[in-house]
Amino acid sequence: MMKKVYAHSIDGQPPEKWQPLEDHLKQVAEKAAAFAEIFKSAEWAYNAGWLHDLGKATNAFQNYLLRSNELDDSGYDNDGTVSNHASAGAALAEEKLGPCIGRILAYLSAGHHAGLPDWYPADTGNAALSVRLVEGRENLKRIQQYADEIFPKLKQKTAPPPYLDKKPENFHLWARMLFSCLVDADYLDTEEFRRKGQEAKRGKFENIEGLRTLYDAYMTDMRARTKETKVNSIRQEILAACRKAAENTPGLFSLTVPTGGGKTLSSMAFALDHAVKHGKSRIIYVIPYTSIIEQTAKILADIFGRDNVVEHHSNLEPSKETQRASLAAENWDAPIIVTTNVQFFESLYAAKSGRCRKLHNIVNSVVILDEAQLLPPNLLTPCVDAMNQLVNNYGVTILLATATQPALPGLAKPTEIVEDTKDIYDRLKRTEIRIPQDLDERISWEDLAKRLQAHQQVLCVVNTRRDCYDLYKLMPEGTIHLSALMCGRHRSAVIRLIKCKLGKGMPIRVISTQLVEAGVDIDFPIVYRAFAGLSSIAQAAGRCNREGKLNDEGRMGQVHVFVPPKASPPGVLLKAENTTRQQCVLLDFDPLKPSEYSRFFELFYKMLNDTGSRYHEWLVKDVNPNLYFHFRTAANEFKMIDDQAQRPVIVRYGDSDKWIGQLRQIGPTRETMRHLQRYTVNLPVRMVDKMLSDRTLERIDHAKARDIIVQSCLRLYNKNVGLDVYSENLPVEDLYI
């Protein structure tokens, strides 16, 4: 009989109190199978659970547990350094189950700590599965007797791997879904053993039906307090259409209504009714920018209570995060999740276990994709592919909610909720958009500043951070600057100030980049917009006469499009601008017609050279019959924010000095980094390198934080413009958003 082996120890306790390895493998297998049952893959996840920690049976690992707990046991021979315990199960899977079934399980087992590997070592070296399997075979020899006892516990008959023959392009997401089930089960079982009582702090959220009751009560109260206006009457029609559409079969839907049409509340009504009707597990609200996520999260928290709304994004104020919400953010085990495009889509292509952990909880959900037109064009193909797979294979209903509905190439045709979209746009018309007849005639910033000063309340939206800075400097004192040169906490404070001044009818002039356009709930009588893509112009118009108050006076909001002193930077912005130029010459062009947005996106996407087709090379091309994936490479490349071109810089604002001090003293901790996320500004790499050389920025002097960069020149950040990089004779280059 073999000596008892353990998966986890407890500090200060003898081995009798530790977790037996077989118990851990069994419990992880059962949990993983329960998670995977919803997409009919329970046997696969069950087997992955039994295999994942098999390598912990080695003498080396058992000795490691003993040494870590200052116990000495000569009953274990030392067979070398601590083995990589993930590779033995991978080797056993291939040896016993063959190069098809076995290799799938090998990817999962080998990656459950380090992340899903590539097959070839070209990009990831020794982390590649082909290398890890060689190591795993050696480790397996050391525990052969234990492995022979465990192997019969696996499900010997499993369903054939789905998609492999007919739809190999769908295979990589299925593998990630299995991986998600495994790593979440592993985390949870380990947590239950090591942190008794933690499980009780998870869950306990209101169920979907209870949340719908809260929603109905909120809407009844709101209607009683809201004036009967034309705009509010149309919002009620849109709401009714959403509740009716919720009865339809799950799938892909679109909600195309003008800005100010009540998208947030109406889309949530659709999601709640649809979830109750069809037994959906949760609602995931996906938002493009962190600059607007607080606004949406507050609306939902007002309806459902903050305890029932889990936010998962970099702009979250840690003081507002309950322990229950913090735990739920790890695996999205909550009924309402509010997150960003970055978190949602990057997770769908992730390799790291922590990032993938939540994926199985996207299954059987309702996903509201707000402002879908803001999906990054260079990643359009993989984003659309993931959306199609979620709808077709994982019981997900997706709602695309926007005023400027894009024609996403390759996406299945959605069911439009508002049957007569044109009628709604005509009846909700609150603005006149004036586009110059001569698009080659540029206006100087000086002349534009004079025009803006003629208005008491005006918003001007420009294309780049440098443009925003230059125009702001020409404006009188009291003008508000808003751009991503400000850290998240600073931007939030500025947006609150803007809303306060507008609410009180005070004079206010704002110069902003396009971060103000997507969903920020502000209402100016006059808006100026630098010439750009049509969707951007329309979104800026959505900040003008939003509540229709001018209509009650027999007037319209005025949106003045101007051609700035210089064209947009080469790339996506310039192609969007050129697409709009093509449309403007057409005789029937009307910037307020919803059909123009579809035409714009069709032309725009045709101009793009790369929408992400290379992901086929990494994740599809060599799947059948070899199962050669490049999970790690694909994940490293799938970045919605280009971290190769930009670097985050921690700035001096608010109480960031306190947390920077913590970082210097004890290095990065979860609490410290959560707070500091609110105080970061992204800058181009070349600019950061120059500022490091000039010593206006510095690296943190701590062994675990040397890649973290902070502002060292105290005067570089000010309350008006944020990180004042342009006053320091630094490299002049356009900074987006």
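**View 1. Arg 695, an exposed loop residue.** At 70% relative accessibility, Arg 695 counts as exposed (exposed means over 50% relative accessible area, buried under 20% and partly exposed in between, with a 1.4 Å probe and protein chains only). Arg 695 sits in the loop between helix H29 (685-694) and strand S18 (697-699); helices (H or I, at least four residues) and strands (E, at least two) are DSSP runs, numbered from the N terminus. Its phi is near 70 degrees, a positive value in a residue other than glycine. Most residues other than glycine have a negative phi, and most peptide bonds are trans. Please keep in mind that this is a predicted model, where local features need pLDDT of at least 70 and side-chain atom pairs count only at pLDDT 80 or more, while totals for chains, interfaces and linings use all residues. Residues are numbered from 1 along each chain as its sequence is written, and side-chain values use heavy atoms, with hydrogens and water left out.

View 2. Lys 40 belongs to the loop between helix H1 (21-36) and helix H2 (42-51). With 73% relative accessibility, Lys 40 counts as exposed, and its phi is near 60 degrees, a positive value in a residue other than glycine. In another loop, between helix H25 (615-619) and helix H26 (631-637), we find Pro 625. The peptide bond from Asn 624 to Pro 625 is cis, with omega near 10 degrees.

**View 3. The largest nonpolar core.** This core has 118 residues, and Tyr 215, Phe 304, Ile 498 and Leu 683 have the most contacts inside it. A nonpolar core is a set of buried Ala, Val, Leu, Ile, Met, Phe, Trp, Tyr and Cys residues joined through side-chain atoms within 4.5 Å. Helix H11 (residues 263-278) gives the largest share of this core, 7 residues. Apart from this core lies another, of 115 residues, including Ala 32, Ala 88, Leu 380 and Phe 604.

**View 4. Around Ile 498.** Leaving aside neighbours within four places in sequence, Ile 498 is in contact with Ile 480, Leu 482, Ile 508, Val 510, Ile 522 and Phe 524 (contact means heavy atoms within 4.5 Å).

**View 5. Asn 308, a buried loop residue.** Asn 308 lies in the loop between helix H12 (290-304) and strand S5 (310-312), and is buried, with a relative accessible area of 10%. Its side chain reaches the backbone oxygen of Phe 304 at 3.0 Å. A polar atom of the Asn 308 side chain also lies 3.1 Å from the backbone nitrogen of Glu 206. Beyond four places in sequence, the contacts of Asn 308 include Phe 205, Leu 211, Leu 214, Pro 335 and Ile 336.

**View 6. Helix H14 against helix H16.** H14 (residues 341-348) and H16 (residues 380-393) pack at an angle of about 75 degrees, with their axes 10 Å apart. Axes are lines fitted to C-alpha atoms, for helices over the stretch in contact, and angles run from 0 to 180 degrees between N-to-C directions. The two helices are therefore roughly perpendicular to each other (angles under 35 degrees count as roughly parallel, over 145 as roughly antiparallel, 65 to 115 as roughly perpendicular and the rest as oblique). Phe 344, Phe 345 and Leu 348 in H14 meet Cys 383, Ala 386, Met 387 and Leu 390 in H16.

Definitions and conventions: A polar contact is a pair of N or O atoms within 3.5 Å; within protein, one must be able to donate a hydrogen and the other to accept it, and residues adjacent in sequence count only if both atoms are side-chain atoms.
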